[in-house]
Amino acid sequence: MSGADTFGTKFRLSTTQVVALALVALIIVATILYAARGQNFFSTNNLADLLTRSSLLGFVAIGQTMVILGRSLDLSVGYVVALSSLVAATVMNGLEGRVGLGIAAALAVAAFIGLLNGLIITILRVNPFIATVGMGLILKGFIDITYAAQEGKVPQGFSRGFGYTRIGPLPISTLTMLIIGVIAMVVLTKTRFGAHLFAVGGSDDVARLSGIRTNRTLIWAHVMCSVAAGVAGLLIAARFGLGSAQVYNTGYDLDSVAAVVLGGTLLMGGRGSVGGTVAGVMILAVLESAFNVLDVNPFLKNVIRGAIIIVAVAIYAQRQIDPLSRRSRFTPDGRRRATDFPEAVGALSPGGAK
Amino acid sequence: MSTPVITPDLVAAKPEFGRRLQRFFASGTGIVLALLIIILAIIIISNPSAGAPDTLVNSLHKATPLLLLAIGQYFVIIVGEFDLSVGAIITTQAAIAATLLNKQDEGTYGVIALMLVLGLVVGVVNGAIVALLKVPSFITTLAMMLILIGATNLWTGGGIVKGALSDEFRKFGRPKFGIENVPFLGTISWAVLIFIVIAVLAALLIRSSFGRVLVATGDNTKAAGFAGARVTSVRIIAFMVSAVLATIAGIILAGNTSSTVDLSIGSGLEFEAITAVVLGGVLLGGGKGSLFAAMLGALTLYFIGPLFRELGISPELRPSVQGIILIVAVAYAARSGSLRRRKGPGKTQP
């Protein structure tokens, strides 16, 4: 058995750890770039700006992680963000007393859309791509007919409180995003629902045959995804002071999928983490700051972003194909590996039997 | 000894006409055909002149870019992938044509050849990243879209491209050029002829051994690989077909639009193409669906526009109705079970 352990027990990083390391490396590079220009990456203003930017995409991407883990997809999130900002702003209508009502209305509308998405995908068995693109079209028509491009008014208190307050360099919105991220992480790793969602994403049939209510699990994931997008809509309303229909052109749907995948979650479901997604969102935000300090042409940013996404996902894909990423149970000479079943090796190997 | 007797079993093997009709309308092709006929009927009833043969040929002309995109997307979807980069390919190609031609007729065919080569290259890169590096096609083509749009904007400065298409180039996209004075049909444009040729070629390709390998790979890549199919090369070729057809669609669309090129020309067309193919009952995820139905899907999607004009419905409502039709059509097909892959051999529909 000598030498048999060389690859089985080799130290390997999880994908989430790789993403976190990439983030740290990128922050170091950005700090150096900033320093070279005589600026401070860790200045309060820069950090606050970077964190606010990432919290918007962060909300959407955390929700997107839930559905992608269940081997689904939500391409209607951009419209949910726009609609929720409009509903919140029109319900609040500038009155401090209606902030709570506005938040509740916006999130309820978002949850309802998520419920519809979930029902269409599970009960009507429509492919998630089509179901959510269709839902996005329906919402686009509804928004264009019902609302002006900008409508409603958010009271000062809510706008300041959620949109612009910060504790040191940490904006309240980012804090909310991190809290939602931690809640999502706990839900995924510690609750029965989380375990079910991973099982459904790994294999719907196997999960159902194991007694999991797969439909109910996926519907809940879609409701959570839409509500998270609804929170992003609230942040838009708070930042702009009104509801904005144009937000749906910003491309949150595809960006959020890119951030999730950049965070190491498998697009095919069943494997991934919210921590990775938050790191993926941060990577995109730090990259944006680095571009800004380097004065990179805005169009060139897209080129580089696209290339980075392909390279990152190609690296993750290679790691999954890499035979070293699986523990092989047999040694090259055909015997069982000692690390897995020590007692079996003891019984099988000649002279090893007692 | 005795002559073969037709047993009740053999009779039952060929279902009666009504039953077959029922089955056809439960299939993807049947649904989309019924939908198309209903939409056309409403248009023609509210405006009989829309049903004249030459008007229909003109409609077909306007639908050609979407039809070509749908054919290309069909090849990618049937093998189990997506191509989200086709809209960006159209934008890039149109910008290249306008910039390089700059309204000069000479060199038009050289530029077109260059564009086709570029289309092939984009297709090969997409396909190689998907098939060799195992990056999901959704991500690969999404990133390709970002790269192409970014690079085109960077190169041209954004907005409306400086330069213009030549008249020679625009011949392929405009309705008045082609075979003129055909009885009843008026002018059959070059675009329509190009579409017919490509549709026939695509139909031959999908019925060839390549097409069968393509469908088998889309149905189950692993099993097809074990059976000896070249699963890598068929996927790369599928992406090449999609990118080249997007290029041709771009030539027609840009020529028909105007002599200047706006960089928003291709935006959103990738979703239109995927919608058209899925409306035709082709299974996202691969392995099931017909090319003919995908083309019917593209026509149906196109005719929603004229339908709205005839009925006087505001264009803002169009996306909502399109979304509802999409979800209802796919849900109906899923309900009848025709979109579900058969779980095992010999298991028939109930």
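Mentor: Happy to. The largest nonpolar core has 209 residues, and those touching the most other members are Phe59(A), Ala70(B), Ile71(B), Ala294(B) and Ala298(B). By a nonpolar core I mean a set of buried Ala, Val, Leu, Ile, Met, Phe, Trp, Tyr and Cys residues joined through C-beta atoms within 7 Å. A residue is buried if 20 or more other C-beta atoms lie within 10 Å of its own, exposed if 12 or fewer, and partly exposed in between, with C-beta atoms placed from the backbone. Helix α12(B) supplies the largest share of this core, 18 residues; helices here are DSSP runs (H or I, at least four residues), numbered from the N terminus.

A word on what you are looking at: this is a predicted model, in which local features need pLDDT of at least 70 and side-chain atom pairs count only at pLDDT 80 or more, while totals for chains, interfaces and linings use all residues. Residues are numbered from 1 along each chain as its sequence is written, and chains are lettered from A and ligands numbered from 1 in the order in which they are written.

Let's look at Phe59(A) first. Leaving out residues up to four places away in sequence, Phe59(A) touches Met177(A), Ile180(A), Ala228(A), Ala229(A), Val231(A), Ala232(A) and Leu235(A). Touching, or being in contact, means that the C-beta atoms lie within 7 Å.

Now back to α12(B), residues 231-257, which packs against α6(B), residues 108-131, at an angle of about 145° with the axes 7 Å apart. The axes are lines fitted to C-alpha atoms over the stretch in contact, and angles run from 0 to 180 degrees between N-to-C directions. This contact of α6(B) with α12(B) involves 17 nonpolar, 7 polar and 1 charged residues. In that count Ala, Val, Leu, Ile, Met, Phe, Trp, Tyr, Cys and Pro are nonpolar, Asp, Glu, Lys and Arg are charged, and the others, Gly among them, are polar.

The two chains also meet: 36 residues of chain B are in contact with 36 residues of chain A. On the chain B side, α7 (137-156), α13 (269-279) and α15 (318-335) each supply at least two residues, and α7(B) gives the most, with 13. That side divides into 25 nonpolar, 8 polar and 3 charged residues.

Gly18(B) is exposed, because 8 other C-beta atoms lie within 10 Å.
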